[in-house]
Amino acid sequence: MLSHNIASFAGGLSAKLATRSRHVCTFFGAGTSKACGLPDVALLTEKIIAGLKDEQRTTFTRMTTSRNLEQALSRLRRIQAVVEGDDIVDGLTKSQARDLDVEVCKLIIRELSAADTQTVPAQKLAAWVARADYSRPVEIFTVNYDCVLEAALEAEGVPYFDGFVGTWRARFRTDMVEASSSDLGTLLPPFFARLWKLHGSVNWSWDDGRPAGEVLRLGTTVPEDEIAAIFPSDAKYEESRRMPFVVLQDRLRRALHEPETLFLVSGYSWADDHLNELLFEAAARRPRSEIVVFCYSDIPANLAEKAEQTPNLQVITQGEAIIGGLRAPWEGPDEGVTLPPDIWDGTTCGLGDFTNLASYLSRSSSASSYDSAAQSVGASSGR
């Protein structure tokens, strides 16, 4: 029976992470924040609805019946952009759409700024980034709105660049985000990690509270009477409003197409067609790069289909994996080989859980030689 050896996979990934010339990127979805105690998108939507009152609750419940949270925000912002005077769309006037948008953003910020957030997994990730000594900087992409990653990087003393320059009202620098790796390298040393928040943040605001204004990164969360710069993923109505997010998405595209890229994905639901297309295209066009996806539960059907056709797109779950285009269950390590429990607990692979993945990465090194135990495991292969 075909199977994948967990020790071979873990050792092979350790070897790849130890190659200093690699361009290493990570991509995080809501599952990583959930591992730190924050709600995922479904629970966040439930909490927002519970926090709204009266007609706003009824309206937003109806809007999210057939839309996800970002699509609902997009709809609210489209209404604000096109409705004039007392005209009504979806039961909302322009002012009512703005009031609901502000209230939803307020609740998002409240829920994603919880005081009891557990940042240990994120700090382990940051500890790995702190020790990284790659020839090119580590690039961290995320679609999460919270500031867990920023808090972890700062707690570990990791310098990073997120596209903004400044502290209290930092301004987005399109020229620096669009710069090539070599050009940006003349401005920032490679030990500065890159943090790219593709869908905005709870501390991003529109300048002076105007939705059509410039995006600012504030030194605190967005005030409760303003609309946070959280990206409505299907918005097409106003190019100036989309500018920072288009630039960041292009940064993702260019990172994926750099040679010898190792791209680690965790906590992502594969529900965003825009981003899926970028990831799938890069895997198909860059056979010497690798995308390794860690899933907490079942493999989404769209991801499984692509991974079975694309050998350099690997998918790792608790009970099975798609490696080299072959989908098969795990088998434990060979006799005499012991793995840490965050990799293998005796029956299942733990790396689909961001907490375990962060622990694994925290032990990894980008030095020219790596732990001899990892060497003995060998390269990943299907059996």
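**Close-up 1. Strands β12 and β13 run parallel.** Strand β12 (residues 290-294) pairs with β13 in the parallel sense, over 4 bridges; two strands pair if DSSP finds at least two bridges between them. Strands (E, at least two residues) and helices (H or I, at least four) are DSSP runs, numbered from the N terminus. Opposite Val315 of β13 stands Val293. The model shown is predicted: local features need pLDDT of at least 70, side-chain atom pairs count only at pLDDT 80 or more, and totals for chains, interfaces and linings use all residues. Residues are numbered from 1 along each chain as its sequence is written, and side-chain values use heavy atoms, with hydrogens and water left out.

**Close-up 2. A β-α-β unit contains β12 and β13.** Together with helix α13 (residues 301-307), these strands make a right-handed unit. Right-handed means that, with the strands pointing away from the viewer, the path from the first strand over the helix to the second runs clockwise.

**Close-up 3. A hairpin joins β13 and β14.** There are 3 residues between the two strands of this hairpin. Strand β14 (residues 320-323) pairs with β13 in the antiparallel sense over 2 bridges. Ile322 in β14 stands opposite Val315.

**Close-up 4. Strand β13 is covered on both faces.** In β13 (residues 313-316), Leu313 and Val315 lie on one side, Gln314 and Ile316 on the other, and all are buried (under 20% relative accessible area, 1.4 Å probe, protein chains only).

**Close-up 5. Gln314 and its contacts.** Gln314 belongs to strand β13 and has a relative accessible area of 6%, so this residue is buried. Not counting residues up to four places away in sequence, Gln314 touches Phe9, Lys16, Glu290, Ile291, Val292, Val293, Ile322 and Ile323; contact means heavy atoms within 4.5 Å.

Note on methods
Buried < 20%, exposed > 50% of the residue type's maximum accessible area, 1.4 Å probe, protein only.
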